[in-house]
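I set out to look up the pockets and the aromatic ring pairs of this protein. My notebook entries are set down below.

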Amino acid sequence: MNLEDWYRQDRLPHIYCAGCGNGTILNCTLRAVEELDFKKEETTFVSGIGCSSRASGYTSSDSLHTTHGRALAFATGLKLVKPRQHVIVFTGDGDCSAIGGNHFIHACRRNIDITVICMNNNIYGMTGGQGSPCTPYGAISTTTPYGMQEQPFDLCKLAEAAGANYVARWTSFHVKELTEAIRIGLETPGLSFIEVMAQCPTSFGSKNKMRQVTQMIDMFRENAVLKVKADRDAAKGIQLSPEKFVVGQFVRRKNPPLGVEAAK
């Protein structure tokens, strides 16, 4: 199979807004699947609700488009019934960390052998641009018109602390690195969590002085700090500036998946 074979052609063109980063992330995911020579009948994509969760419907293998925040619960059930199936979850920051927050913590704690790709656009894009637990401090959304006054979740730290075997973060700008991270995640037994910072020029950028896609991509490029550099600076007592964020691989370990026959 080649990359195009993994797309469900009768569902195209997609419904994403112009300039949305989710299509890039879907492409990186399917490219990683292709590199590993996965078979359609052995691969299932699961998603909840939101812009990110439309991704599963564009794949040509079996997919489950489930209820809001419950994608990980559906994926857990699927993996327990069919332990040799490759189960890949698409979720967003709201779907994963708010409505599905408890499922996220416990899926990491159980270390279920699935791969979770979180398209973090800092907002509830599909339902009107409301703030999410990942909206940056001070950012404008339809529910935070004077700026977000809550501190955002660090989903990677949460996943690592809860017990996930593989945790990484990249952006939709880092296409090569993201594809590699997803491939490694798919090869790592246990729960793999890959957070992807994705641009949303329609609902987030337009309210935060980044109406153009290139402005958001430039923001990713300029503010992303490689983990090795962040660690080196931290050792010298240099703190990360508030607008910066760390990208790279945070953990890869071999804790046993709970109750699941590892097929990777």
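The entries cover the conventions, the pockets and the aromatic pairs in turn.

**Conventions.** I worked on a predicted model, in which local features need pLDDT of at least 70 and side-chain atom pairs count only at pLDDT 80 or more, while totals for chains, interfaces and linings use all residues. Residues are numbered from 1 along each chain as its sequence is written, and side-chain values use heavy atoms, with hydrogens and water left out.

**Largest pocket.** I looked up the pockets on a 1 Å grid over the protein atoms alone; a pocket is an open set of points where a 1.4 Å probe fits, with protein on both sides within 12 Å along at least five of seven lines. I took a volume as the space filled by probe spheres set on the points, which are joined across faces, edges and corners. The largest pocket has a volume of about 1,000 Å³. I found 34 residues in its lining (an atom within 4 Å of a point), and the closest to the centre are P152, P242, E243, K244 and F245. Two or more lining residues come from each of β8 (192–197), α7 (213–223), α8 (227–235) and β10 (245–252); helices (H or I, at least four residues) and strands (E, at least two) are DSSP runs numbered from the N terminus. Of the elements, α8 gives the most, with five residues. I sorted this lining by class into 18 nonpolar, seven polar and nine charged residues. Here Ala, Val, Leu, Ile, Met, Phe, Trp, Tyr, Cys and Pro count as nonpolar, Asp, Glu, Lys and Arg as charged, and the others, Gly among them, as polar.

**Second largest pocket.** The second largest pocket has a volume of about 200 Å³. It is lined by 15 residues, and Y16, C17, C51, G125 and M126 are the closest to its centre. I noted eight nonpolar, six polar and one charged in this lining.

**Aromatic pairs.** I counted four aromatic pairs, with rings of Phe, Tyr and Trp (its six-membered ring) paired if their centres lie within 6.5 Å; planes under 30 degrees apart are stacked, over 60 edge-to-face and the rest tilted. F45 and F90 are stacked, because their ring centres are 5.7 Å apart and their planes at 5°. This pair joins distant parts of the chain, F45 in strand β1 (residues 43–47) and F90 in strand β3 (residues 86–92), 45 residues apart. F45 has 0% relative accessibility and so counts as buried (under 20% relative accessible area, with exposed over 50% and partly exposed in between, for a 1.4 Å probe and protein chains only). F90 is likewise buried, at 0%. F220 and F245 pair edge-to-face, at 6.5 Å centre to centre and 85° between the planes. This second entry links helix α7, which holds F220, with strand β10, which holds F245, 25 residues apart. Both F220 and F245 are buried.
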